[in-house]
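Have the viewer open as you read.

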Amino acid sequence: MATLMTNLLLKACIALFLISAATAVGDSPFIIAHKKASLTRLKSGAERVSVSIDIYNQGFSTAYDLSLVDYSWPQDAFDVISGNISQSWEKLDAGGVLSHSFELEAKKQGMFYGAPAVITFRIPTKAALQEAYSTSILPLDVLAEIPREKKFEWVKVAG
């Protein structure tokens, strides 16, 4: 009986230790950011790039003084049409989501490989700013030559 109680007490202590260690490590913000970009061809032949960045706090405490910057869009290749490539927020609570979007107009043709956006934030228990990065975007074929549809060939195939 004493062995059973000792074994049970030992297992309870190990479980309590593991739980307390997990909560001690996890008591801070954990920032995840997802960056998306899509192309839209206008009738005028111009092409717009719509960019959206979602920031998630998957941690257990609030992140403060958040700042997002996305300098991956060179000025010689893109003009900002609406919104800004940077944004700031006062805080992001645990489990919360922030979203930011902006629109660009392409000036040059070619493949574009965008870098991740950078998010900085403050944790009350640390003096230094923390840094997180968004996901990268898939390559964009900006102002690509679009072959004309051969509508008459579709008729021949169907007939």
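## Around Glu-47

Setting aside neighbours within four places in sequence, Glu-47 touches Leu-39, Thr-40, Arg-41, Leu-104, Glu-105, Ala-106, Asp-141, Val-142, Leu-143 and Ala-144. Keep in mind that this is a predicted model. Glu-47 sits in strand E2, which covers residues 47–57. Is Glu-47 buried or exposed? Glu-47 counts as buried, because its relative accessibility is 5% and the cut-off for buried is under 20%.

A polar atom of the Glu-47 side chain lies 2.4 Å from the backbone nitrogen of Leu-143. Leu-143 itself is in the loop between strand E10 (140–142) and helix H2 (151–158). Leu-143 is also buried, with a relative accessible area of 19%. Its backbone is worth a glance too: Leu-143 has a positive phi of about 55° although it is not a glycine.

Asp-65 is another case, with a positive phi near 50°. Asp-65 lies in strand E3 and, at 39% relative accessibility, counts as partly exposed.

## The overall layout

Now for the wider view. The chain has 2 helices and 10 strands, and along the sequence they run α-β-β-β-β-β-β-β-β-β-β-α. Of its 159 residues, 28% count as buried. Among contacts between residues at least 6 apart in sequence, 68% join residues at least 24 apart. The accessible surface of the chain is about 10900 Å², and carbon and sulfur atoms account for 60% of that.

## An open sheet

Which strands make up the open sheet, and in what order? There are 4 of them, in the order E5-E3-E8-E9, with antiparallel pairing. Strand E5 (86–92) and strand E9 (130–133) are at the edges with a single partner strand each, so one side of each has no neighbour in the sheet. From one strand to the next, the twist averages 20°.

Strand E3 (residues 63–69), the one that holds Asp-65, pairs with E5 in the antiparallel sense over 6 bridges.

## Aromatic rings

The whole structure has 3 aromatic pairs. A pair of rings is described by the distance of the centres and the angle of the planes. Here are two of the pairs:

| Ring pair | Centre distance | Plane angle | Arrangement |
|---|---|---|---|
| Trp-73 and Phe-78 | 5.2 Å | 90° | edge-to-face |
| Phe-78 and Phe-112 | 5.0 Å | 70° | edge-to-face |

Phe-78 lies in strand E4 (residues 78–82) and Phe-112 in strand E7 (residues 110–112), so their pair ties together parts that are 34 residues apart in sequence. Trp-73, Phe-78 and Phe-112 form one aromatic cluster.

How accessible are the members of that cluster? Trp-73 counts as buried at 7% relative accessibility. Phe-78 is buried, with a relative accessible area of 5%, and Phe-112 is buried as well, with 11%.

Technical notes: Residues numbered from 1 in each chain as written. Predicted model: local features only at pLDDT ≥ 70, side-chain atom pairs only at ≥ 80, totals over all residues. Heavy atoms only, no water. Buried < 20%, exposed > 50% of the residue type's maximum accessible area, 1.4 Å probe, protein only. Contact = heavy atoms within 4.5 Å. Areas by Shrake-Rupley, 256 points an atom, 1.4 Å probe, with all protein chains shown as cover. Pairing = 2+ DSSP bridges. Axes fitted to C-alpha atoms, helices over the stretch in contact; angles between N-to-C directions. Phe/Tyr/Trp six-rings, centres within 6.5 Å; stacked < 30°, edge-to-face > 60°. Polar contact = N/O pair within 3.5 Å; in protein donor to acceptor, adjacent residues only side chain to side chain.
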